[in-house]
Amino acid sequence: MWWKYAIGYQIYPASFCDSNHDGIGDIQGIISKLDYLQDLGVTLLWVCPFFDSPMDDNGYDIRDHRRVNAIFGANEDLELLINAVHQRKMRIICDLVLNHTSDEHPWFIESKDASSEKHDYYIWREGKPNNPPNNWASFFSQSAWTYDAQRDASYLRIFSGKMPDLNWENRNVRSAMADIARFWLDKGMDGFRMDAISHLAKDQTFADSTLPLNIHGYAPDWDKFSNRERLFDYLHEFQAEVFDNRDALRIGEVGGCASLEMARRFTSKDEGCFDMIFSFDHCWENDSYGNDTQEEQKFTVNTDRLKRTFEHWYQGMNKDRWQAVYWLNHDHPRVLSHYGDDTIYRNEAAKMLCNTLYFMMGTPFIYNGEEIGMSNVDYKQLTDFKDISAENYIASREKSLSQEKMLRFLKRASRVNARTPMQWDDSAYAGFSDVAPWTKVNGNYKEVNVAAEQKDPHSILNHYKAMIRLRKEPLIEDLVLFGTLTFIDIEHKDIFAYRKQSGDKALVVISNFKAFTVVFSYDYPLGMIMGHNYETVQWKAGQFILRPYESLVMIYE
Ligand code: GLC
Ligand code: CA
């Protein structure tokens, strides 16, 4: 159970560090930053897909599962990375994308021939270009089906047209995917983040959905291909074939479709296959997602709802399960802009978000750049958003929304916000590369960068470092990982406060989520302050006066 004690860090390889002057981050770039990561205190890296891919969906569209994408390096580089990580007593996991491949994968090319051995490696049905086999909508665009002229049939693809879904009903597909998983474990990978895992099983009747249709005339009926009973058979078999007798970490990405009940099944010994899951429930508690017509620039966090969400998951998982906790990943906007403040209070807000999440429970995953307070993009044009989901969004709204509104929405909610180059220093291109990067650097890199923050004892980076170090102290680690979590005044609309208790020891975090001063009743003595984002404490018996984004971590021994 080494992973209970891990401090995770997610790396988006294309945007982390470019070692060979082509504007794209790479494996050697990651190796060159391992000292930085070790110094930060992280012990577990999750590296997003680096496999051979035409990069339609930035690498989640895999063409060759066993080969490193040439833009990121060679297989030898990856082996060096794994060794270098292990030498530092850190661990490394990668994505395992089981639901789909690229349409350039040799299996798919072969599958277009209806008489080939691989003819049902994918999900083919009769259908014509404008007459798909059923009315299901896809996650990224219109119909979930794409017509192929060679086979004169349509294939299911719940993400992009270049990402056909594998047919998990086919035993050979399942064995082939198990082989790939074993291949990477044998290379030294310490486990996987299992991508889009809730979607492997589809409604095998392929009947039309009866849900209301979207503006394109398709039904966004995710139940047709999410969390279906049959999925548990696949997972059970996969577990036995790949993971039994191996100490590999298995994290399921179950996205926004999984209930607590499902999550419990996913992480149960008998049915599931995961040590923990990534749930998305806490990620959109400011209503900003999906809302692109509202004029308001800033959506405020519903602090009370956010607490309830964490409480719900804690109550459901705490006794006999484990959780991964994180603020954002490569599919979300930057948390500082999303839940905090990226203007005058950026320093306070970033530290507040750090305190709030990382003492609560579970295995944390920091997303690259979060530790220096990177924020959403300052892009000026729609064409700056080089991402298939942003492009599909623009295509679907072009006729109904102004450019300005689409731009505002993408700057707030697009996953591109998390994908800009890591800001290492104040030189051109933020020290990420010495040539123009594949996607524009955020204009604030002169102020917001690793080098500047390393020098400043009050920086966000040094706060993260100190808090990680604090969390690793045995007493604190025990409270964080195994103490009982209770929210203090859970109904409070502005303050996020909780206590972790174990015997007569306790840790308390009190965070102001708002840009204004709040008086907060607190009927306990003041504890020993171990983390704080202001110089002075405004406390008198019974209450705190908390300034904008003020946050304290206290212990009681
Ligand atoms: C997951 C990934 C996302 C990708 C999708 C399809 O949700 O996190 O980036 O687009 O799966 O593979
Ligand atoms: Ca490169």
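In the predicted model, a polar side-chain atom of Asp195 lies 2.8 Å from an oxygen atom of ligand 1, a polar contact being a pair of N or O atoms within 3.5 Å. Oxygen atoms of ligand 1 are likewise approached by a polar side-chain atom of Asp57, at 2.5 Å, and by one of His100, at 2.9 Å. Of the 310 Å² of accessible area that ligand 1 has on its own, the protein covers 94% (Shrake-Rupley method, 1.4 Å probe).

The shell around ligand 1 comprises 13 residues, the closest being Asp57, His100, Asp195, His330 and Asp331, where a residue counts if one of its heavy atoms lies within 4 Å. By class, this shell holds seven charged, four nonpolar and two polar residues, with Asp, Glu, Lys and Arg counted as charged, Ala, Val, Leu, Ile, Met, Phe, Trp, Tyr, Cys and Pro as nonpolar, and the others, Gly among them, as polar.

Side chains of opposite charge can pair when their charged atoms come close. The structure holds 43 salt bridges, defined by a side-chain nitrogen of Lys or Arg within 4 Å of a carboxyl oxygen of Asp or Glu. One of them joins the side chains of Lys112 and Asp148, with an N to O distance of 3.8 Å.

Local features of this predicted model need pLDDT of at least 70 and side-chain atom pairs count only at pLDDT 80 or more, whereas totals for chains, interfaces and linings use all residues. Side-chain values use heavy atoms, without hydrogens and water, residues are numbered from 1 along each chain as its sequence is written, and chains are lettered from A and ligands numbered from 1 in the order in which they are written.

Terms used
A polar contact is a pair of N or O atoms within 3.5 Å; within protein, one must be able to donate a hydrogen and the other to accept it, and residues adjacent in sequence count only if both atoms are side-chain atoms.
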